[in-house]
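Please keep the sequence and the structure in view while reading.

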Amino acid sequence: MNEKPEYLIKNGKRLDGRKPEELREIKMRTGVVSNADGSAMVSFGKTKVIAAVYGPREVHPRHLLLPDRALLRAWYDMFSFSVEDRKRPGPGRREIEISKVLTEALRSVVFLEKFPRTAIDIFIAVVQADASTRVTGLNAAALALADAGIPMKDLVTAVSFGKVYDEKGKEHMVVDVFKPEDNWGLADVAYAVTPNFGEILLLQMDGNLTREELFTGKRMADEAVRKIYRQQVKALKDKYLEGLE
Ligand code: ADP
């Protein structure tokens, strides 16, 4: 979509037919990369991400070793074919920044002190991008860590929210931003929490929101977090139930 649309929401329906608080179809599966210690695939509509965890394992390079805890590192990257116009391969500034914020969010939930002198590496690969890849990646990374059996105080559940305009120019808050809303919307926020404690692990905003709008968006996102969390738990259980069949 290259031209600014007349509206992003009309009569309470977004361009893909969703209601403001409605999520795209979400799919989650764990154990998708057999060589990894833990892995998961998560898709939110057309946005699809695979996360693979390796570790706890030896730290390389050695000088990064931490004597009292594990070194947790997350690498976010997008495949060249994940976007419409081929993306230049390899991490650029955007990927480095996203890797940093995802690493920080994940470090706050893992009991790192249980694995001193080791590394826990998490690779987050965007296979298909239709906006909100960092939050989708975070959901996948948390699932992959749990799938690897790494102890955490809680999962991480993430969703985006944003502000769009209708045909009269009136503004509305929406949850789970997809590409046209990311391109043309008035604001978008990446949001992640510990689903059982409500501790905020990531809050990144593009655009402008009033305090009221931010709180409305957060309320809608918290509702979405409950649904996403239920699906994460189901994905973790499903792998074991499948083995029992
Ligand atoms: P997020 O994916 O977390 O929403 P951004 O706001 O940075 O992060 O990106 C929004 C969307 O823009 C991505 O999901 C993707 O669809 C698209 N995008 C990002 N980088 C590129 C790129 N280099 N080429 C084409 N599209 C891109």
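Is S160 buried or exposed? S160 has a relative accessibility of 5%, and it therefore counts as buried, the cut-off being under 20%. The model discussed here is predicted.

**S160 and its contacts**

- S160 belongs to strand β8, which covers residues 157-165.
- The side chain of S160 forms a polar contact with the side chain of S132, at 2.7 Å.
- S132 is also one of the residues that surround the ligand.
- A polar atom of the S160 side chain lies 2.9 Å from the backbone nitrogen of V177.

**The ligand and its surroundings**

- The ligand sits in the largest pocket.
- Two elements, α2 and α3 (179-184), each give two or more residues to the shell around the ligand.
- The residues around the ligand include M78, V83, K87 and K179.
- Also among them is the run A129, D130, A131, S132, T133 and R134.
- R94 and D182 belong to the surroundings of the ligand as well.
- In the side chain of R94, an N or O atom is 2.6 Å from an oxygen atom of the ligand.
- For R134, a polar side-chain atom is found 2.9 Å from an oxygen atom of the ligand.
- For D182, the corresponding distance from a polar side-chain atom to an oxygen atom of the ligand is 3.4 Å.
- The ligand taken alone exposes 540 Å², and the protein buries 75% of that area.

**Helix α2**

- Helix α2 consists of 15 residues, numbered 133-147.
- From its first C-alpha to its last, α2 reaches 20 Å, which is close to the 21 Å expected at 1.5 Å a residue.
- Why is α2 described as largely enclosed by the rest of the structure? The reason is that 13 of its 15 residues are buried.
- In an α-helix, residues three or four places apart point the same way, because there are 3.6 residues a turn.
- After α2 comes G149, which has a positive phi near 75°.

**Cis peptide bonds**

- G55 and P56 are joined by a cis peptide bond, with omega about 0°.
- P56 is part of strand β5, residues 47-57.
- H60 and P61 are likewise joined by a cis peptide bond, with omega about -10°.
- P61 is located in the loop between β5 and β6 (71-78).

**Positive phi at residues other than glycine**

- N11 is not a glycine, yet its phi is positive, at about 50°.
- The position of N11 is in the loop between β1 (9-10) and β2 (13-14).
- With a relative accessible area of 69%, N11 is exposed, because the cut-off for that class is over 50%.
- D176 is not a glycine either, and its phi is positive, at about 60°.
- D176 lies in the loop between β9 (171-175) and α3.
- What is the relative accessibility of D176, and how does this residue count? The value is 0%, so D176 counts as buried.
- N11 is thus exposed, whereas D176 is buried, although each has a positive phi without being a glycine.

Definitions and conventions:
Residues are numbered from 1 along each chain as its sequence is written. This is a predicted model: local features need pLDDT of at least 70, side-chain atom pairs count only at pLDDT 80 or more; totals for chains, interfaces and linings use all residues. Side-chain values use heavy atoms; hydrogens and water are left out. Helices (H or I, at least four residues) and strands (E, at least two) are DSSP runs, numbered from the N terminus. The expected span of a helix is 1.5 Å times one less than its number of residues. Buried means under 20% relative accessible area, exposed over 50%, partly exposed in between (1.4 Å probe, protein chains only). A residue is near a molecule or strand if one of its heavy atoms lies within 4 Å of it. A polar contact is a pair of N or O atoms within 3.5 Å; within protein, one must be able to donate a hydrogen and the other to accept it, and residues adjacent in sequence count only if both atoms are side-chain atoms. Accessible areas come from the Shrake-Rupley method with a 1.4 Å probe; for residues, only the protein chains shown count as cover. On a 1 Å grid over the protein atoms alone, a cavity is a set of points where a 1.4 Å probe fits but cannot get out, and a pocket is an open set with protein on both sides within 12 Å along at least five of seven lines; lining residues have an atom within 4 Å of a point. A molecule sits in a cavity or pocket if more than half of its atoms lie within 2 Å of its grid points.
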